[in-house]
Structure formats: C-alpha cells, structure tokens
Amino acid sequence: MLRASGCLLRTSVAPAAALAAALFSSLARCSLLEPRDLVASSLSPYFGTKTRYEDVNPLLLSGPEAPWRDPELLEGTCTPVQLVALIRHGTRYPTAKQIRKLRQLHGLLQARGSRDGGAGSTGSRDLGAALADWPLWYADWMDGQLVEKGRQDMRQLALRLASLFPALFSRENYGRLRLITSSKHRCMDSSAAFLQGLWQHYHPGLPPPDVADMEFGPPTVNDKLMRFFDHCEKFLTEVEKNATALYHVEAFKTGPEMQNILKKVAATLQVPVNDLNADLLQVAFFTCSFDLAIKGVKSPWCDVFDIDDAKVLEYLNDLKQYWKRGYGYTINSRSSCTLFQDIFRHLDKAVEQKQRSQPISSPVILQFGHAETLLPLLSLMGYFKDKEPLTAYNYKEQMHRKFRSGLIVPYASNLIFVLYHCENAKTPKEQFRVQMLLNEKVLPLAYSQETVSFYEDLRNHYKDILQSCQTSEECELARANSTSDEL
C-alpha cells in the first residue's frame with residue numbers, strides 16, 4: 001500500500017468489486033494531485049523507456065537540483081578539462097499512435113458501460129467503469145512533444161552538472177559551449193530548457209530569456225549524429241522496415257505470459273477477451289506511466305496490473321529495444337559508429353590542445369537525442385550484454401538480465417565522458433584519464449570494470465570502431481541473396 005499526499009491507494013490486484021470502493025473513495029482526492037506531490041507506483045521500476053529519471057535516481061525526489069557526487073569521481077590532482085554528454089530528451093507526451101490506441105481502448109470500455117450500465121456482478125461500480133469515466137485528456141497534437149515536466153528534467157540536470165563540474169561550466173566557458181540536437185521538437189526543446197537551467201545557475205533569481213536572445217544562440221541541429229539510424233540504409237531495410245525483424249516481439253505477444261495477462265485483464269475489465277490484444281494492454285500499461293510522469297497522478301490504469309504483469313510487459317518492451325536498438329542485429333550498434341567517432345574527435349582535440357598548452361576550444365559538448373540514440377551506442381561499447389540473447393521463449397531465464405531499458409535509458413538519461421588532465425603524472429600516458437557516467441553515476445569500463453581509464457588505453461580498446469567502422473560501408477545494403485546478421 002502506498003501513501004501519497006494523504007491518499008492511500010492499493011497497488012495489489014483485488015477483485016473488481018472490492019477494488020472499486022477503495023478506488024473511488026480516494027479518486028476525488030488523488031486525481032488532481034499537483035506535479036510537485038510525491039506520487040509513486042509499485043509498477044514504476046518496470047516502465048522501460050517510459051521510466052521517470054527520478055525512479056532511477058531516487059535521491060532526486062527530495063533534492064532534484066542538488067548535485068550528488070559519486071565517490072568514484074576523480075579529484076585531487078586530476079582536473080576535468082572536457083565533458084562530452086549525450087542526453088536523452090526529457091519527459092514527453094505519448095505519440096499520436098499511442099493516443100489513438102488508448103482512445104480505442106477507452107471507447108471499448110465506454111461501450112461496455114453502455115451495455116451493462118457500468119455495474120459489476122455485485123451491482124457496484126467496477127474498475128472498467130472507473131476507467132471509462134477517467135478523463136482521457138490526451139490529444140493527437142501532443143504527439144511525443146516535450147511536457148513541462150520534461151523541461152524541468154533538463155533545467156534540473158543542467159543545475160546539477162554545473163554544480164558538479166563548476167570549472168567546466170564556468171561563466172567564462174559559457175560562450176564556448178557546444179550544443180547539438182536532433183531535429184525532433186522534444187530534443188530541441190530539451191536543449192533550450194537545459195540552457196535555461198544554466199542561465200539559472202549563472203543568474204540565480206533572474207528569469208531566463210528566450211534561447212534566441214542568449215549570447216550562446218540556439219543549438220545546432222544534426223540528425224546524422226543524433227538520428228543516425230534514419231540515415232543508415234541497411235538498418236532501415238533489414239530492421240526498421242523488415243516485417244520479420246521483430247519476430248521475437250510478435251511471438252512473445254502471443255506467448256503464454258502475455259496471454260495469461262490478456263485473460264486476466266479481460267475478466268477484470270469485464271470485456272470480451274477477443275476485443276483485447278497485446279498492443280492495447282501495453283498502451284494501458286504505458287498510460288499508467290504517462291499519467292504518473294506527466295501529471296504526478298497514480299491513475300486507475302495502474303490498478304489494472306500487478307507487479308508480475310508489469311515484469312512481463314517490461315520484458316515485451318525490452319525485447320523490442322533489444323532487437324531494434326540493441327544486440328539483436330549487428331547493424332543496430334554499428335550504425336552508431338559515426339556518433340562514437342565524433343565523441344572521440346572532441347576528446348582527441350582537447351588532449352592535443354592541452355598538450356600544446358592551448359585553451360580547450362570546446363570544454364563542454366552537449367548532444368540531445370533519443371533512447372534510440374543511446375542504446376545502440378552503449379551496445380557498440382559492449383554494455384549490458386547478456387550471455388544469451390533475449391527471445392520470446394526465455395522470459396524466466398532472463399528475469400535477472402542486464403538489458404533493462406528502464407534502468408539504462410529513462411527519460412533524461414545521459415551518458416557523459418569526462419576527460420581529466422592529471423598533474424604530477426609520471427609519464428605522458430598518465431596525464432590524461434577518462435571516466436564515463438551513466439545517469440550521473442560512474443559507469444565502470446565494459447571490458448575491465450575499472451572506474452577510470454588512461455585515455456590512451458580507452459582509445460586503444462575501441463581502436464577497431466574508431467579506425468575501421470565506416471558508416472558508408474556498414475550501412476551499405478548487402479547484395480542480393482544475403483541475410484541480415486542475427487544473433
């Protein structure tokens with residue numbers, strides 16, 4: 001049982017009639033919770049790519065603007081000289097496609113209510129009736145756009161990073177910041193909100209001007225970097241537009257785990273099981289996450305599922321990410337080589353400038369993209385790889401998998417490379433070191449589990465990607481009679 005703003009909401013699944021009384025007694029008080037109220041759901045750990053950033057970093061719930069310094073971060077004689085960050089956009093609205101599916105499900109529940117008057121077998125109001133009456137406030141125009149909570153995600157991230165790396169985000173360096181963004185509005189708006197957060201850091205108490213009026217100017221749009229997948233013909237043909245590429249996703253939808261949930265939800269909502277499908281179940285689950293992330297509301301959609309259901313639905317989402325953005329096909333990660341090489345070009349240049357005692361021309365590079373930008377890059381680097389591939393048939397064996405998208409790329413997720421220059425180094429090699437942070441926590445090296453690397457060693461480990469991975473060759477379609485590279 002969870003307590004939020006004086007409201008008690010049960011999170012375990014109960015028979016519809018028993019649930020109705022508790023639901024409606026709390027609904028009037030809880031349905032209009034302000035976003036600032038701390039609302040939680042027992043399902044929160046399983047929302048996949050729709051996970052709130054604060055659910056991955058719970059300390060932010062009490063102090064979202066206060067920096068948390070990972071004790072593994074270098075300090076002392078090692079000074080950060082450059083930061084390159086890849087940042088997913090903040091919290092967003094559902095896409096128009098998701099909204100249409102939700103409208104379909106909502107209409108199904110309303111039609112059921114008109115047939116039986118909204119009464120359950122005991123004559124009391126049931127969960128299906130509650131959902132039919134729950135306001136469907138999503139509209140097509142929202143279509144994945146950034147919400148105010150998403151702007152807040154970015155402003156607060158900017159404040160934390162500026163406080164954590166004050167020398168890099170100094171007022172002196174402000175004019176040398178480099179911002180690159182995807183052309184999608186949610187990413188462009190995220191970059192603008194991040195700049196507003198920096199303004200707040202530099203000018204406490206003063207309202208930020210429009211980004212166009214800031215001395216820095218608007219970010220640069222570069223889809224070849226931030227949406228590399230849209231520019232890779234092999235990925236588009238063999239994965240994105242290939243009806244069989246997501247075989248394991250479709251097979252899992254009709255498998256026993258999903259079918260059990262389908263039957264249970266149909267009974268709970270008192271609708272014919274043939275009127276439901278896996279896609280509608282998933283949109284109902286995501287609606288719980290959207291209401292929570294956007295409005296800070298624990299809606300009755302959350303009461304449709306229990307934790308066991310949530311784990312299955314999380315796996316369905318992870319299967320899609322695995323086969324479309326992760327290790328499922330080699331091209332998923334190899335298509336991100338351009339972005340990976342661009343990151344190291346920045347680091348190389350900073351090393352060269354420091355060696356020549358020149359000022360670092362770009363001490364901070366901030367790149368705003370998508371979960372689809374981050375996951376392939378992390379896969380390319382060897383992170384979160386399980387011993388066995390995720391398939392439609394090994395759900396139980398993968399209960400403790402490394403590849404859980406919600407823990408890796410929630411809203412506002414970030415992968416940060418920090419380049420350090422270390423005084424009193426015994427050799428030139430020891431002068432430059434690198435740490436990586438994922439969601440503001442030090443990320444151990446995929447190949448050694450060490451928390452810091454000499455820059456030269458890191459570069460040597462990824463030498464093949466840096467020297468041999470040419471996007472023009474990787475993304476070129478193979479000749480006829482060849483097949484895609486499946487694990």
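Where does N173 lie? N173 sits in the loop between α5 (148–164) and β4 (178–181); helices here are DSSP runs of H or I with at least four residues, strands are runs of E with at least two, and both are numbered from the N terminus.

Two housekeeping notes, everyone. This is a predicted model, where local features need pLDDT of at least 70 and side-chain atom pairs count only at pLDDT 80 or more, while totals for chains, interfaces and linings use all residues. Residues are numbered from 1 along each chain as its sequence is written, and side-chain values use heavy atoms, with hydrogens and water left out.

Back to N173: its relative accessible area is 8%, so it is buried. Buried means under 20% relative accessible area, exposed over 50%, and partly exposed in between, with a 1.4 Å probe and protein chains only.

Now to strand β7, residues 414–422. Here 9 of the 9 residues are buried, so the rest of the structure largely encloses β7. One side carries N414, I416, V418, Y420 and C422, and the other L415, F417, L419 and H421. Strand β3 (residues 78–88) pairs with β7 in the antiparallel sense over 9 bridges; pairing requires at least two DSSP bridges between the strands. On the β8 side (residues 432–438), β7 has 7 bridges, also antiparallel.

C78 has C422 as its bridge partner in β7, and these two cysteines also form a disulfide, with sulfur atoms 2.1 Å apart; the cut-off for a disulfide is cysteine sulfur atoms within 2.5 Å. The torsion about that S-S bond is about 110°, so the disulfide is right-handed. C78 and C422 are 344 residues apart. Thanks, everyone!
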